[in-house]
Amino acid sequence: PTGVDPSEEQWQAILEVMTRRKLLPFFDMAYQGFASGDLDQDAYSLRLFAKQPGMELLLAQSYAKNMGLYGERCGAISVLARTAEGAA
């Protein structure tokens, strides 16, 4: 959610809805560590979803600000898939 910082309880509710509706989560972590000041805390929602059995998800990360690579436009997209075929 843009401009929203859900609580851990709200993330759990979001997870339940997405699981029930079989939606594919797409996380955009452009500023990991900047929201709370803690890299681990800012990854809570991602880890919550990733540990769910059978969960697949997409993660986009920008390293421009987090790693001081201003203007470099570097980052990554990660895929968590249930099978090798699903990741291909």
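Visitor: Strands here are DSSP runs of E with at least two residues, numbered from the N terminus. Where does glutamine 61 sit, then?

Guide: In this predicted model, glutamine 61 belongs to strand E2.

Visitor: Is glutamine 61 buried or exposed?

Guide: Glutamine 61 counts as buried, because its relative accessibility is 19% and the cut-off for buried is under 20%.

Visitor: How far is its C-alpha from that of methionine 29?

Guide: The C-alpha atoms of glutamine 61 and methionine 29 are separated by 4.9 Å, while the two residues are 32 apart along the chain.

Visitor: Let's zoom out. What order do the elements come in?

Guide: Starting at the N terminus, they run α-β-α-α-β-β-α. That gives four helices and three strands.

Visitor: How many residues are there, and what share is buried?

Guide: The protein has 88 residues, and buried ones make up 24% of them.

Visitor: Which residues make up the largest nonpolar core?

Guide: There are twelve: Trp11, Leu15, Met18, Phe27, Met29, Ala43, Leu46, Leu48, Phe49, Met55, Leu57 and Leu59. Helix H1 (8-20), strand E1 (26-29), H3 and E2 each give two or more residues to this core.

Visitor: Let's pick one of those. What does phenylalanine 27 touch?

Guide: Leaving aside residues up to four places away in sequence, phenylalanine 27 touches Trp11, Ser45, Leu46, Phe49, Leu57, Leu58, Leu59 and Ala60.

Visitor: Changing topic: how many salt bridges are there?

Guide: Two. In general, side chains of opposite charge can pair when their charged atoms come close.

Visitor: What is the partner of arginine 47?

Guide: Arginine 47 pairs with aspartate 40, and their closest N and O atoms are 3.2 Å apart. Arginine 47 itself counts as partly exposed, at 46% relative accessibility.

Visitor: And which residue pairs with glutamate 56?

Guide: That one is arginine 82, with 3.6 Å between the closest N and O atoms.

Visitor: How exposed are glutamate 56 and arginine 82?

Guide: Glutamate 56 is partly exposed, with a relative accessible area of 24%. Arginine 82 counts as exposed, because its relative accessibility is 58% and the cut-off for exposed is over 50%.

Visitor: Which residues line the second largest pocket?

Guide: Glutamate 56 and arginine 82 turn up again there: the lining is Met18, Thr19, Lys22, Leu23, Leu24, Gln52, Pro53, Gly54, Met55, Glu56 and Arg82. By class, that is five nonpolar, three polar and three charged residues.

Visitor: How much space is in that second largest pocket?

Guide: About 230 Å³.

Visitor: Lys22 is in that lining. What is its phi?

Guide: Lysine 22 has a positive phi of about 55°, although it is not a glycine. Lysine 22 sits in the loop between H1 and E1 and counts as exposed, at 75% relative accessibility.

Note on methods: Residues are numbered from 1 along each chain as its sequence is written. This is a predicted model: local features need pLDDT of at least 70, side-chain atom pairs count only at pLDDT 80 or more; totals for chains, interfaces and linings use all residues. Side-chain values use heavy atoms; hydrogens and water are left out. A salt bridge is a side-chain nitrogen of Lys or Arg within 4 Å of a carboxyl oxygen of Asp or Glu. Buried means under 20% relative accessible area, exposed over 50%, partly exposed in between (1.4 Å probe, protein chains only). On a 1 Å grid over the protein atoms alone, a cavity is a set of points where a 1.4 Å probe fits but cannot get out, and a pocket is an open set with protein on both sides within 12 Å along at least five of seven lines; lining residues have an atom within 4 Å of a point. Grid points are joined across faces, edges and corners, and a volume is the space filled by probe spheres set on the points. Ala, Val, Leu, Ile, Met, Phe, Trp, Tyr, Cys and Pro count as nonpolar, Asp, Glu, Lys and Arg as charged, and the others, Gly among them, as polar. A nonpolar core is a set of buried Ala, Val, Leu, Ile, Met, Phe, Trp, Tyr and Cys residues joined through side-chain atoms within 4.5 Å. Contact means heavy atoms within 4.5 Å.
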